[in-house]
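Please look at the structure shown here with attention to its strand pairing and its salt bridges.

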Amino acid sequence: MYNFSCALNESYAAQVTVVGGGPAGVCAAIAAARNGAKTLLIESGNCLGGMATLGQVNPFMTCYDKDGDNMIIRGLFKEIVDRLVARGAAIDPGQVPAGSAFTSYIVVGHNHVTPFDAETLKVVLDEMCCEAGVQVLFHSTFVSPVMDENRLTGLVIMTKGGLKLVKSDIVIDCTGDADVAYRSGVPCEMGDEASGRIQPVTMFFRIGHVDSAKVEADIDANRDNFYRKDGVNYRSFHWRVAQARANGDWDLQRVSIGIFRGVREDEWNINTSRIMGVDATDPDQLSRAEMEGRRQVQQIFRFLRKYVPGCENAVLLSTPAHIGVRETRHIKGEYILTTDDVLHGVLFDDSILLAANSIDVHGRFGPMSNEYVTVENGEYYGVPYRCLVPLKVENLLVAGRSVSATSEAAGAIRVMPPCMALGQAAGTAAAQAAAAHISPRQIDVQALRDALRRQGAFLG
């Protein structure tokens, strides 16, 4: 690897540097700064929020326990939701029941989701970073780690001003793809290497001018016809998709429409497109996926206008700036979260997150399939701090969907509320490590848990 840093002068210096401003990264940066660390946040796009804004993924999945009785993902996630609700830009998850239009009429694992307005979220996250004192660099991309043997001491980034050197005591990788960790020498697994499977990518899109009463009436008239067969869920509008396929207007390998009502009554978020076998760390594959995603969006939108009651006059409001990526690399950390841990409701002494999100694996049995498995024992499971601590490299933490977990277990915690909680834990831990001049591997985890509780996190 070429050592760019030898030709660069120090441009930025921070105690904690967060790479990636998505759900995990923005919470990591806010938490680090609020805990007293000089914090730099590097984001390749033009706004914070990642999949929630640039990716148009909506709503936030559940933040409640398995039975839907108690909100268990709190802390910064709850603060963000509360700020959105106060502006009329989100619906409080406590007011959103399973099986409603806001959940795409899905019951299992979808109690208390949070519809939100992405444009307002961008502003809320800007404000929270400014209030905390986070320095944010947009349009800046991680290029290379700066290493001193096995210690990460800084980063080379590409900005509009060219290559810049960042010196940092602690780095948090929130790229979603473990880019920093992988290039620093952390062992990683791409998807599920044993099966050769990687979860498909999806392009969300948003429509407006919908007669929502007609949409819901058609669902209600056919709700008794929802069923599952051969690993495939036949849910919203599968009767309309079958008609379109018979007429030659549908060639996608999907049988239902994922359609989530937005905060505004006439707006809906569509989660239906699917591109299989994409390695989203490969620029060629990712580029082809973006184009294929837009092609599928156009077909789905034409279908909605032609076949779905209430969508005759719908308009396509927007497609995302980045296709939705469910899975790429999973780091190897001090502990690997497993399927059994999730399903059996295992709680760890060093848990920094309690969640009840179900294992959600797309495409296991082919492009039409979904597998959704809920917690079997207890109301929730824990994610240990050790899953954020990578093997072999010091001064580095990883948060978000690329934490140390098997492919299936990651399918549960990759959604946005758990990622935000993982980010808050990583940011708090990084600030503690920076203040004590130690590697994150060496921090007092119980002190971290105490700090998270003071910040509103629920840890049992």
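Asp360 and Arg414 are both buried, where buried stands for under 20% relative accessible area, exposed for over 50% and partly exposed for in between, computed with a 1.4 Å probe on protein chains only. The model is predicted, so that local features need pLDDT of at least 70 and side-chain atom pairs count only at pLDDT 80 or more, while totals for chains, interfaces and linings use all residues. Residues are numbered from 1 along each chain as its sequence is written, and side-chain values use heavy atoms, with hydrogens and water left out.

**Salt bridges**

- A salt bridge is taken here as a side-chain nitrogen of Lys or Arg within 4 Å of a carboxyl oxygen of Asp or Glu, and by this rule the count comes to 23.
- Glu267 forms a salt bridge with Arg206, and the closest N and O atoms are 3.0 Å apart.
- Here Glu267 sits in the loop between β11 (259–261) and β12 (268–270) and Arg206 in strand β8 (residues 205–208), so that distant parts of the chain, 61 residues apart, are linked.
- Glu267 counts as buried at 14% relative accessibility, whereas Arg206, with a relative accessible area of 24%, is partly exposed.
- Asp218 and Arg240 meet through their side chains in a salt bridge of 2.7 Å, N to O.
- Because Asp218 lies in helix α5 (residues 212–222) and Arg240 in helix α6 (residues 238–246), the pair ties together parts that are 22 residues apart in sequence.
- Asp218 is buried, with a relative accessible area of 8%.
- A network of salt bridges links Arg34, Glu79, Arg83 and Glu131.

**Strand pairing**

- Helices (H or I, at least four residues) and strands (E, at least two) are DSSP runs numbered from the N terminus, and two strands pair if DSSP finds at least two bridges between them.
- Strand β1 (residues 10–19) pairs in the parallel sense with strand β6 (residues 162–173) over eight bridges, and Tyr12 has Val166 in β6 as its bridge partner.
- β1 also runs parallel to strand β2 (residues 39–42), to which four bridges join β1, and the bridge partner of Val16 in β2 is Thr39.
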